[in-house]
Amino acid sequence: MASHTSVENQQKHYPKKKRLLYQELQELPGRYDVIALSKMSKVRATQLMTIRKKFRNEIKIRVINNRVAQRAFEKVGNRPGLDYLSKELEGQCALLFTNISPFKLNLIFDKNKVFLPAKGGDTATKDIIIPAGNTGISPGPVLSEFKEANVATKIDQGSIWVSKDTTVARSGNNISQKLASLMSKLNIKPIEAGISITLAIAEGLVFKENDLKINLAEYRNDLIRSFHEAISLALEAGYPTAETIAPLLVKAHQNAIALAAESGYVSPDSIQFVLVRANANGQIIANEIKKKGYVQQ
C-alpha cells in the first residue's frame with residue numbers, strides 16, 4: 001500500500017506534459033532512422049512553426065526538458081550514439097526525429113534561415129562589413145559612432161557616405177552595443193538565425209555540426225572539373241563512351257587528313273591539304289635555289 005502511494009505521489013509530482021514527453025521520447029528513437037539535436041538560442045517561434053507545418057509528415061520536432069529527455073533515453077535499448085547525444089543536452093534544446101538524411105536535413109534548415117539585427121553582446125557568425133556608399137543618414141552625432149567603429153566617412157549631398165568597404169567585426173568577435181546600434185541605423189542584419197543541427201546520429205554514426213556542412217557550389221564545381229578531366233583522359237586514351245564518341249570521331253578524322261596530307265595521298269577530303277603542303281614545300285625549295293644563285297629565267 002505504501003509503495004503504491006509512493007508511485008502515485010511520484011506521478012502527481014511530475015506535470016502531465018512532462019510525463020507524456022518522457023513516454024514519447026522512449027518511443028520515438030525506435031521509429032526513426034535519424035535523431036538530431038538543435039540548440040534553440042536563436043530560433044524564433046515563427047520559424048519553428050513554419051518548419052513544423054511544412055514537414056509535419058517527415059520531421060517530428062520536440063522542444064524538450066533536458067533532464068526528462070536524459071531520463072527517457074536511459075530506458076531506450078540499443079541505439080548507438082544516443083548516450084553521446086544525451087550528454088550534449090544543455091540549454092534550450094529541440095530534438096528532431098526523421099528518416100531524412102542528416103545532410104539533407106541540414107540543407108533544408110539552411111534554406112529557412114533569416115538574418116536579424118545585432119544586439120550588444122552577440123557574437124559575429126562571420127566577418128561583418130559596412131559597404132562603401134551613401135548611407136542616407138544626415139550628418140550629426142552619429143558621425144562619432146562611425147569614427148568609433150573606424151569607418152572612414154565623408155559628407156556629400158547632405159548625407160554621410162562610407163568611403164570604402166570596412167570590416168567592423170571578425171567572425172567570432174563580440175559585437176558591442178554601440179556597433180549594434182550603428183548597424184541597426186544602416187539596416188545591416190548580420191546575425192544568422194534559424195534551426196541548425198548541432199549533432200545527429202544515424203546508421204550508428206555520430207555527426208557533429210561541421211560534419212554536416214556541405215558547400216553545394218564547391219561540390220558542383222568539383223563534379224564539373226572531375227567530369228571534364230575524365231573526358232580528357234578518355235579522349236587521350238581513345239576510350240569510346242556516349243560522351244566521347246563524337247569528339248573521338250572528329251579527332252580520328254583530323255588525324256587521317258593529317259596523315260594523308262603528310263604522305264601525299266589524294267582524296268576528296270585531303271586534296272586541299274595536299275596541294276597546300278605541296279605549295280609550301282615548293283616555296284621552300286625555290287628559296288633554297290635562290291640562295292645558291294640560281295635565277296628563274
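**Entry 1, ground rules.** I note that this is a predicted model, in which local features need pLDDT of at least 70 and side-chain atom pairs count only at pLDDT 80 or more, while totals for chains, interfaces and linings use all residues. Residues are numbered from 1 along each chain as its sequence is written, and side-chain values use heavy atoms, with hydrogens and water left out.

I read the strands as DSSP runs of E with at least two residues, and the helices as runs of H or I with at least four residues, both numbered from the N terminus. Two strands pair if DSSP finds at least two bridges between them. With that in hand, I find an open sheet formed by 3 strands in the order 6-8-7, with antiparallel pairing. Its edge strands, each pairing on one side only, are strand 6 (133-134) and strand 7 (153-156). Strand 6 is joined to strand 8 (residues 159-162) by 2 bridges, and besides the Gly133 position I noted that Asn134 stands opposite Trp161 in strand 8. On the other pairing, 4 bridges join strand 7 to strand 8, again antiparallel, and Ile155 has Ile160 of strand 8 as its bridge partner. The hairpin of strand 7 and strand 8 has 2 residues between the strands, and there Gln157 takes a positive phi near 55 degrees.

I then turned to an open sheet of 5 strands, whose order is 2-3-1-11-12 and whose pairing is antiparallel. Strand 2 (59-63) and strand 12 are its edge strands, each pairing on one side only. Neighbouring strands of this sheet are turned by 15 degrees against each other on average, direction ignored, where the axes are lines fitted to C-alpha atoms, for helices over the stretch in contact, and angles run from 0 to 180 degrees between N-to-C directions. I counted 5 bridges between strand 2 and strand 3 (residues 93-98), which run antiparallel, and Ile59 stands opposite Thr98 in strand 3.

How many aromatic pairs does a search of the whole structure find? The search finds 1, using the rule that rings of Phe, Tyr and Trp (its six-membered ring) pair if their centres lie within 6.5 Å, with planes under 30 degrees apart counted as stacked, over 60 as edge-to-face and the rest as tilted. The rings of Phe103 and Phe207 have centres 5.3 Å apart and planes at 75 degrees, so I record the pair as edge-to-face. The pair links distant parts of the chain, since Phe103 belongs to helix 6 (residues 102-111) and Phe207 to strand 12 (residues 205-208), 104 residues apart. For accessibility I use buried for under 20% relative accessible area, exposed for over 50% and partly exposed in between (1.4 Å probe, protein chains only). Phe103, at 28% relative accessibility, counts as partly exposed, whereas Phe207, at 15%, counts as buried.

Most residues other than glycine have a negative phi. Asn150, although not a glycine, has a positive phi of about 60 degrees; Asn150 lies in the loop between helix 7 (142-148) and strand 7, and is exposed with a relative accessible area of 66%. Glu203, also not a glycine, has a positive phi of about 55 degrees. I find Glu203 in the loop between strand 11 (199-202) and strand 12, and at 77% relative accessibility Glu203 counts as exposed.
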